[in-house]
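Please keep the structure in view while reading.

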Amino acid sequence: MNNFPPGFAHYPLYFDAAQQAELIAAVREGVKGAPFFVPRMPRTGTPMSVVMSNFGELGWVTDKERGYRYDPTHPVSGNPWPAMPKLLMDLWDDVTGYPVQPEACLINWYRDGSKMGAHIDNDEQDAKAPVVSISLGDPAIFRMGGPKRGGPTKGLKLFSGDVVVMAGESRFCYHSVSKVFYGESALVPKGGRINLTMRRVRPS
Ligand code: MD3
Ligand code: FE
């Protein structure tokens with residue numbers, strides 16, 4: 001049934017329609033003060049196809065000069081990131097049982113044609129903490145590989161309201177978003193898919 005790596009868990013429709021709407025409202029409120037920015041690859045400066053913002057004490061950012069990092073402030077405004085919504089803090093406690101709170105929630109907005117190439121998330125110092133992902137809006141194909149690039153991958157279609165937890169071995173496996181079914185959901189006001197990923201960054 002589930003031959004994803006150990007530590008991977010999928011909760012279909014964890015959030016109902018009302019909760020999904022509440023999360024979208026929180027994102028809309030958050031991005032008033034912390035607008036979506038265009039992340040750029042280290043060294044080359046190539047823009048990624050998603051745009052990003054964050055909630056929490058720390059936000060994941062990337063630019064040509066300084067590369068991937070966590071920063072307590074927005075790259076353009078210099079303001080602190082908006083607080084993590086309570087619904088997300090409660091989700092973390094419920095699905096991870098991890099003894100310390102998450103510090104960062106990355107907001108990825110996928111519009112028409114946006115994808116995310118295969119990568120491993122390796123900018124967090126707390127290697128034992130799981131990552132929790134929430135999908136909102138258009139469905140997408142998420143692909144999970146192993147610890148080495150180029151091995152076999154397994155696909156999973158993620159729908160609005162789904163939650164995925166990556167703990168244990170799955171935390172350091174390659175993963176990507178290969179396709180978004182743009183226009184299938186009306187949840188996101190300007191269209192597309194919003195993915196939220198919660199992380200513990202500093203050692204605990
Ligand atoms: C597996 N985001 O932001 S979420 C990312 O849908 C990222 O936007 C994708 O990969 C998205 O880094 C996938 C699911 C996810 C997130 C983090 C992981 C899967 C993961 C970390 C380790 C292993
Ligand atoms: Fe990732």
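**Contacts, metal site and ligand**

Q: With which residues is Q125 in contact, leaving aside its neighbours within four places in sequence?
A: Contact means heavy atoms within 4.5 Å. Q125 belongs to the loop between β6 and β7 (131–137); helices (H or I, at least four residues) and strands (E, at least two) are DSSP runs, numbered from the N terminus. Once its neighbours within four places in sequence are set aside, Q125 is in contact with V201, R202 and P203.

The model is predicted: local features need pLDDT of at least 70, side-chain atom pairs count only at pLDDT 80 or more, and totals for chains, interfaces and linings use all residues. Residues are numbered from 1 along each chain as its sequence is written, chains are lettered from A and ligands numbered from 1 in the order in which they are written, and side-chain values use heavy atoms, with hydrogens and water left out.

Q: Is Q125 buried or exposed?
A: Buried means under 20% relative accessible area, exposed over 50%, and partly exposed in between (1.4 Å probe, protein chains only). The relative accessible area of Q125 is 55%, so this residue is exposed.

Q: How far apart in space are Q125 and L88, C-alpha to C-alpha?
A: L88 is one of the buried residues of helix α2 (residues 86–96). Q125 and L88 are 37 residues apart in sequence, and the C-alpha to C-alpha separation in space is 21 Å.

Q: Which residues coordinate the iron ion (ligand 2)?
A: Donors are N, O and S atoms within 2.8 Å of the metal (3.2 Å for Na, K and Ca); water is not among the atoms, so sites may look incomplete. The spacing of the donor residues in sequence is H-x1-D-x53-H. At 2.0 to 2.2 Å, the iron ion (ligand 2) is coordinated by H119 (NE2), D121 (OD) and H175 (NE2).

Q: Why does H175 count as buried, and how is H119 classed?
A: The relative accessibility of H175 is 16%, and H175 therefore counts as buried. H119 has a relative accessibility of 23%, so H119 counts as partly exposed.

Q: How much of the accessible area of ligand 1 does the protein cover?
A: Ligand 1 is surrounded by 20 residues, the closest being Y110, D121, R171, H175 and R193; a residue is near a molecule if one of its heavy atoms lies within 4 Å of it. An oxygen atom of ligand 1 is 2.9 Å from an N or O atom in the side chain of H175, and an oxygen atom of ligand 1 is 3.1 Å from an N or O atom in the side chain of R199. Of the 490 Å² of accessible area that ligand 1 has on its own (Shrake-Rupley method with a 1.4 Å probe), the protein covers 98%.

**Helix, strand and loops**

Q: Within what arc do the buried residues of α2 fall?
A: The buried residues of helix α2 are L87, L88, L91, W92 and V95. They line one face of the helix, because, seen down the axis of α2 and taking directions from the axis to the C-beta atoms, they fall within an arc of 140°.

Q: Is N108 buried or exposed?
A: N108 is part of strand β5 (residues 104–110). Not counting residues up to four places away in sequence, N108 touches V50, V51, M52, M116, R193, I194 and N195. With a relative accessibility of 4%, N108 counts as buried.

Q: What is the phi of R43?
A: Most residues other than glycine have a negative phi. R43 lies in the loop between α1 and β2 (51–56), and at 72% relative accessibility R43 counts as exposed. R43 is a residue other than glycine with a positive phi, near 70°.

Q: How far apart in space are E65 and R43, C-alpha to C-alpha?
A: E65 is in the loop between β3 (59–61) and β4 (69–71), and E65 is exposed, with a relative accessible area of 67%. E65 and R43 are 22 residues apart in sequence, while C-alpha to C-alpha they are separated in space by 6.3 Å.

Conventions
A polar contact is a pair of N or O atoms within 3.5 Å; within protein, one must be able to donate a hydrogen and the other to accept it, and residues adjacent in sequence count only if both atoms are side-chain atoms.
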